[in-house]
Amino acid sequence: MKHDDSSNRLTRRRFLLRGAATGAATAALAQLREARAAGVGAANPFAYSVSEFEVTDPALLKYREVRRFEVPGPEARRLTLLPGGSLLVAAGRRFVEMTAEGSTVREIAVNGAARCAAVAGDGTVYAGVQDHVEVFSAKGERLATWQTPGKRSWISGLAVGENEVFAADSGARLIWRHDRSGKATGRIGERDAARNVPGFVLPSPFLDVELAEDGLLRVNNPGRHRVEFYTPAGSLEFAWGEAGMAIDRFSGCCNPCNLALLGNGTVITCEKGLPRVKLHGTHGEFEGVVAGTESFPENAKTGAGDGPGTTNRASLDAVADATGRIHILDTVTRRVHVMEPKQPT
Amino acid sequence: MATESTHSNAVSRRDFLRGGVRVAGMTGAGLLAGVLTHKAGATTHVWQIDPAKCVRCGLCATECVLEQSAVKCVHSHDICGYCELCTGYFEPQPNALNTGAENQLCPTAAIIRKFIEDPYYEYVIDEDLCIGCGKCVEGCNRFGNGSLYLQVRQDRCVNCNECSIARVCAGDAFRRVPVDHAYLLKTKPH
Ligand code: SF4
Ligand code: SF4
Ligand code: SF4
């Protein structure tokens, strides 16, 4: 969308508009008082309403919920799929491995707030812990701890390839590229006019990164309401996404908040505020809804400042398994919703 | 009496004016003179809104004894998320992210959006136009950082013994604060 800030100056136009607006203020007040006079319970004509966006057109719902279960303990934040099909949940100061049916298998304690994880093909777990990365073997033995080079690091997303680990750092507003030994080898996504990279806008710490089979990174740029595609060397290849509450757009201040991928390259986008999970083709084409706002009422309430906990906690995360099922974590209820495609994939 | 919100600080007139550099809508001419005229003398306490308790019910606009409410929207630049799609400024589904009247949420066009540099915008409230309806406050709270909120402007409020808004306030958000700490400014998002 294009920006037009011509009204910044107190121009003659604004002066004239102001005259009209003064009338509008008087009219608005009269309208409010009339509604109030109609009695308690009369609708506030200036109530802020997004109710039309809280209901999903059933024709757009491509998935059905088959099961849900709760993650034990406080503060469930992110989900990762383990090679055998079980889930690794970043929660509190630990990572909890759970079966797809919801039984706890084991826990891995970490030295700080567990935020995110990525798992290599050989089972090595890279765990994003507050401002650093902790590395564990498939059996859960601690192998290493890497400090990220950033001063105010907040590791909010991780992706791992054959030779590299990518760490989304919401504090530093960039993606760190590391080799598998932990050596930082690059910085991706920083504002760079010469390379046509606009930089990440993060009103809240929700920078995520996914690595697809085509070798490109998918990174959300929530303040710009976009998904951006980068080469591991940091070139911005393309981007898509538009701001708005409509179902095919990204709502609120900063969405999508988290990403996941289906095997065919479809991008799964998670939103907060209006909590919903949607599908977009590689080039951004809207493909449908996995779960709409009505599936997460507590999350929507908390996001609006009316539910339990702080609004900062209200987000969703998702991960897809090899069968095409999508697991969605609601960070307010700490529930995992297991979604199956209505049509076999 | 309500306990003080952990997310808002009672501040003095001086802090308030100093904060006016950062808190849009708080720079109205004659503010200090207004406060002093109204609040000097025996007055020790004035009415103020705890932003953490306000539920944006809309009654601030209509229940004040003044023709135009003493309650106005203020904007805290310090906690603003600088959202491109500012949900306090734009309709939920704007045609475009520009300042066209049809895209604006405020029913009186009282919010002036000023581009600073990518991605930063500054918001200034035209207090003569703001009727204190709280619509922008709800939009900002619902999807943003809550940097738009309502305050009783002490240069306008006549400090009724019993504030007629406080009597009906849906959030029980009104309370008496010392006149030398007459504002409850937010210091943290939400
Ligand atoms: S009356 Fe109370 S709850 Fe309603 S808008 Fe005013 S301060 Fe907020
Ligand atoms: S939406 Fe209502 S409270 Fe906000 S600036 Fe406009 S008139 Fe004031
Ligand atoms: S004390 Fe009186 S003038 Fe002040 S906000 Fe309340 S009703 Fe309005």
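A:R191 and B:D118 form a salt bridge, with their closest N and O atoms 3.6 Å apart. The term covers a side-chain nitrogen of Lys or Arg within 4 Å of a carboxyl oxygen of Asp or Glu. Between chain A and chain B the count is three salt bridges.

The side of chain A that touches chain B draws two or more residues from each of α1 (12-37) and α2 (297-303) of chain A. Its largest share, eleven residues, comes from α1(A). Helices here are DSSP runs (H or I, at least four residues), numbered from the N terminus.

This is a predicted model: local features need pLDDT of at least 70, side-chain atom pairs count only at pLDDT 80 or more, and totals for chains, interfaces and linings use all residues. Residues are numbered from 1 along each chain as its sequence is written, chains are lettered from A and ligands numbered from 1 in the order written, and side-chain values use heavy atoms, without hydrogens and water.

In contact (heavy atoms within 4.5 Å) are 48 residues of chain A and 49 residues of chain B. The area buried between them is about 4200 Å², and carbon and sulfur atoms give 54% of it. Buried area is the accessible area (1.4 Å probe) lost on putting two parts together, summed over both.

Ligand 1 is surrounded by 13 residues (a heavy atom within 4 Å). The closest are B:C54, B:V55, B:C57, B:C60 and B:C169.

The table gives residue classes.

| Shell around ligand 1 | ten residues | two residues | one residue |

Ala, Val, Leu, Ile, Met, Phe, Trp, Tyr, Cys and Pro count as nonpolar, Asp, Glu, Lys and Arg as charged, and the others, Gly among them, as polar.
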